Amino acid sequence: MFSECSDLQLPQKLLSTTNSLRNSVATYRELTQAMKGSLYHEFQTDLPAAEVWEVYGGLLIGQLVPQLLPDMLSKVELVDGDGGVGTVLLLTFPPGTPGLESYKEKFIKVDNENYVKEAIVVEGGFLDYGFTKYLVRFEITDKTDETSVIRSTIEYEVDEEHISNTSFVSTTAVATIAEAITRYIKEQKSSEQAPKQTSEK
């Protein structure tokens, strides 16, 4: 049977090797942690969650973003699907966008009850820069009956050789989209209410 042996009982050379292995394991763990990451952004709206989800939950958001933010996204094309799980979109970015020309994303979760949607990059874009996973999650939650929060989360994994490319990951785009979509919905509501108020007079 093996008996317990403290570091003091180990020969010096073996002790040195053991410490070296411990350091290697620690370094590996640090690299593993650095290879995965996530960022999130929250935007509070004065709109009910259901109204925000009408845009975020299906294909409408892909139609609106190039119209509202043409400097951020040139075009979104439907490759496959109807807006539900399995839908594939091709996103094309304006010329000069750092590190991005286009990529395909696939909807892997569309929860119409809890207002949660997940899309993962399946071709091009971040995958060409050493990322093995790039996922965007949108969650729309009620704060009150008339207010809600848009939480946008980015989860990513990147191989060791391209860890420096994590600097490409930012919530700036999803934050700008949340603000633009909220403004759009409010403007639509205002334009719909205006004729009613005029007719009442």
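At a relative accessibility of 0%, Tyr56 counts as buried (buried is under 20% relative accessible area, exposed over 50% and partly exposed in between, with a 1.4 Å probe and protein chains only). The model is predicted, so that local features need pLDDT of at least 70 and side-chain atom pairs count only at pLDDT 80 or more, while totals for chains, interfaces and linings use all residues. Residues are numbered from 1 along each chain as its sequence is written, and side-chain values use heavy atoms, with hydrogens and water left out.

Helix α2 (residues 49–56) and helix α3 (residues 60–68) have axes that come within 6 Å and cross at roughly 80°. This makes α2 roughly perpendicular to α3 (65 to 115 degrees; under 35 is roughly parallel, over 145 roughly antiparallel and the rest oblique). Glu54, Val55 and Tyr56 of α2 make the contact with Leu60, Ile61 and Leu64 of α3, where contact means heavy atoms within 4.5 Å. The residues of this contact comprise 5 nonpolar, no polar and 1 charged.

A search of the whole structure finds 9 aromatic pairs. Rings of Phe, Tyr and Trp (its six-membered ring) pair if their centres lie within 6.5 Å; planes under 30 degrees apart count as stacked, over 60 as edge-to-face and the rest as tilted. Two of the pairs are tabulated.

| Pair | Centre distance | Plane angle | Class |
|---|---|---|---|
| Trp53 and Tyr115 | 5.5 Å | 25° | stacked |
| Tyr56 and Phe138 | 5.0 Å | 70° | edge-to-face |

Tyr56 lies in helix α2 and Phe138 in strand β6 (residues 131–144), so their pair ties together parts that are 82 residues apart in sequence. Phe138 is buried, with a relative accessible area of 13%.

Elsewhere, ring pairs link Phe93, Tyr103, Phe126, Phe131, Tyr134 and Tyr156 into a cluster. Asn165, in the loop between β7 (147–158) and α4 (172–200), is in contact with Phe131 and Tyr129, leaving aside its neighbours within four places in sequence. Asn165 is buried, at a relative accessible area of 14%.

Definitions and conventions:
Axes are lines fitted to C-alpha atoms, for helices over the stretch in contact, and angles run from 0 to 180 degrees between N-to-C directions. Helices (H or I, at least four residues) and strands (E, at least two) are DSSP runs, numbered from the N terminus. Ala, Val, Leu, Ile, Met, Phe, Trp, Tyr, Cys and Pro count as nonpolar, Asp, Glu, Lys and Arg as charged, and the others, Gly among them, as polar.
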